[in-house]
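Thanks for coming. I will take you through one structure, starting with a pair of residues and then widening the view. Please have it open as I talk.

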Amino acid sequence: MKPQKHLHTLLLVLAITLYACSTDDENNSETDPPISCENSDNLVYEEKDGLVVAEFESITNSNDWNIENTVNGFLGTSYLVWKGDQFLNAPGNGLLTYNIKINTPGTYRFLWRSRITNGTSGSEHNDSWLRFADASSFYGKKGESIVYPGDTGQTPNPNGSSKDGWFKIYKSGPADEWKWQSSTSDNDAHDIYVDFDTAGTYTMEVSARSSFHALDRFVLFTENVSQSDATSETATLSEINCN
Ligand SMILES: [Ca+2]
């Protein structure tokens, strides 16, 4: 190949690459509505530098959860709230599926920001179900104490409800505040952790338990990221791409 032709080829490749990147950027702007993939279940949230930050409302299939913005103090554009029947011992109803692409294998802490949107009791309407079925490990931790979800063959299991690999995840404290808290095991709050031993795309599932529990934003972060950075209102949202 003549040097001049070689140069032309390089310039062409460069132009195509720049065009592809600029198209990506448009799709990933925080202010844009959710991107549309051919299959709405194919959105993938990209972990970067040990951190995933996502708005619950960025999902394309909210599966009978209400998308609302009437209770002040939420982040992003809105929040999801369950106003259907309660499923206190039946996980899997009102299923929300988030695909998480882990580029940095390791142990991640999970936290969601949620709120009670009915009544004044801090212990009603304060929980939903969570499962990471294909992660290397999904568990609750409090000091040296570890609990595993029910029906996984692993023990011990948490106090209270747990079934088919799902944890009941609750918040405590006053009803009238948005709060970063994800606890499991009744009256013995364990924090939530997920191990991803290899890079890859994993499935996070949320389903309805208590009515009027509102979900705003969730984060996954490694020990290299501080909780305050992960849960900062100004944290950069993870890129969302098509699978
Ligand atoms: Ca939100």
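Start with two residues: Ser 78 is buried, and Asp 216 is buried too. Buried here means under 20% relative accessible area, exposed means over 50%, and partly exposed is in between, with a 1.4 Å probe and protein chains only.

Before going on, a word on the basis. This is a predicted model, where local features need pLDDT of at least 70 and side-chain atom pairs count only at pLDDT 80 or more, while totals for chains, interfaces and linings use all residues. Residues are numbered from 1 along each chain as its sequence is written, and side-chain values use heavy atoms, with hydrogens and water left out.

Ser 78 sits in the loop between strand S3 (66–68) and strand S4 (79–81), and Asp 216 in strand S16 (residues 213–221), so the pair ties together parts that are 138 residues apart in sequence.

Now the overall picture. The protein has two helices and 17 strands; these are DSSP runs numbered from the N terminus, helices being H or I of at least four residues and strands E of at least two. Of its 243 residues, 46% count as buried. Among contacts between residues at least 6 apart in sequence, 74% join residues at least 24 apart, where contact means heavy atoms within 4.5 Å.

The structure holds 20 aromatic pairs. Rings of Phe, Tyr and Trp (its six-membered ring) pair if their centres lie within 6.5 Å; planes under 30 degrees apart count as stacked, over 60 as edge-to-face and the rest as tilted. The rings of Phe 110 and Trp 112 have centres 5.9 Å apart and planes at 75°, so this pair is edge-to-face. Both Phe 110 and Trp 112 are buried.

On to strand pairing, which requires at least two DSSP bridges between two strands. Strand S8 (residues 137–142) runs antiparallel to S14, and five bridges join them. Gly 140 has Ile 192 as its bridge partner in S14. S8 is also joined to strand S9 (residues 145–147), again antiparallel, by three bridges, with Lys 141 opposite Ile 146. S8 and S9 form a hairpin with two residues between them, and Gly 143 in the turn has a positive phi of about 60°.

Tyr 79 is found in strand S4 and is buried, with a relative accessible area of 0%. The side chain of Tyr 79 reaches the backbone nitrogen of Val 71 at 3.1 Å. Tyr 79 is also in contact with residues including Glu 57, Trp 178 and Asp 216.

Asn 126 is in the loop between S6 and strand S7 (127–131). Is Asn 126 buried or exposed? At 6% relative accessibility, Asn 126 counts as buried. The side chain of Asn 126 reaches the backbone oxygen of Lys 171 at 2.9 Å. Asn 126 and His 213 are 87 residues apart in sequence and 5.4 Å apart in space, C-alpha to C-alpha.

Last, Asn 241 is found in strand S17 (residues 240–242), buried at a relative accessible area of 17%. The side chain of Asn 241 makes a polar contact with the side chain of Glu 46, at 3.4 Å. A polar contact is a pair of N or O atoms within 3.5 Å; within protein, one must be able to donate a hydrogen and the other to accept it, and residues adjacent in sequence count only if both atoms are side-chain atoms.

Note on methods
Lists of a residue's contacts leave out its neighbours within four places in sequence.
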